[in-house]
Amino acid sequence: MSPRTGAAVVQESTWTFLTNHAHVLLCLAMDPEVRMREVADKVGITERAVQKIVADLEESGYLTRVRAGRRNRYQVHPHLPLRHPIESHQCVDALLALVLEPDELDAVFSASGARSAPAQATRPRTRAPPRR
């Protein structure tokens with residue numbers, strides 16, 4: 001499956017490490033007032049697929065949609081745990097810290113009512129964990 005026209009693509013690839021749900025969440029965290037069409041272009045999926053993902057994330061409590069005139073504003077809830085059992089010991093803030101710039105991360109936390117990102121979310125790993 002090829003990405004939509006205008007999608008930001010680093011390399012021609014058939015898979016990525018993050019799901020479309022993660023990509024949409026990251027786009028909304030970076031720009032809470034972004035239009036669904038722009039998210040679709042960035043992620044490389046249809047606008048309808050973005051709407052379905054936003055509905056999933058909202059239903060599960062990972063984001064809140066607030067109507068602002070004719071636009072929507074999205075608030076990401078970074079303190080919720082990731083969903084898969086392998087990563088459920090981490091919260092959304094750890095995922096956001098991997099991708100967002102520090103000022104973008106601070107904006108997410110201030111919008112969510114938290115004062116700042118926890119130190120563990122903003123501290124980059126300096127070495128790989130030990131192999132077992």
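This is a predicted model: local features need pLDDT of at least 70, side-chain atom pairs count only at pLDDT 80 or more; totals for chains, interfaces and linings use all residues.
Local features require pLDDT of at least 70 and side-chain atom pairs pLDDT 80 or more, while totals for chains, interfaces and linings use all residues. Residues are numbered from 1 along each chain as its sequence is written, and side-chain values use heavy atoms, without hydrogens and water.

Helices (DSSP H or I, at least four residues) and strands (E, at least two) are numbered from the N terminus. The axes of α1 (residues 20-30) and α2 (residues 36-43) come within 10 Å and cross at roughly 130°. Axes are lines fitted to C-alpha atoms, for helices over the stretch in contact, with angles from 0 to 180 degrees between N-to-C directions. In the contact (heavy atoms within 4.5 Å), α1 supplies Asn20, His23, Val24, Cys27 and Leu28, and α2 supplies Met36, Val39, Lys42 and Val43. These residues comprise 6 nonpolar, 2 polar and 1 charged.

Helix α4 (residues 92-99) also packs on α1. Their axes come within 11 Å and cross at roughly 75°, which makes α1 roughly perpendicular to α4. Ala22, Leu25, Leu26 and Ala29 of α1 meet Val92, Leu95, Leu96 and Val99 of α4. This contact has 8 nonpolar residues, no polar and no charged.

Strands β1 (residues 63-68) and β2 run antiparallel, joined by 6 bridges (pairing requires at least two DSSP bridges). Leu63 stands opposite Val76 in β2. The hairpin has 2 residues between its strands, and Gly69 takes a positive phi near 70°.

Definitions and conventions:
Ala, Val, Leu, Ile, Met, Phe, Trp, Tyr, Cys and Pro count as nonpolar, Asp, Glu, Lys and Arg as charged, and the others, Gly among them, as polar. Angles under 35 degrees count as roughly parallel, over 145 as roughly antiparallel, 65 to 115 as roughly perpendicular and the rest as oblique.
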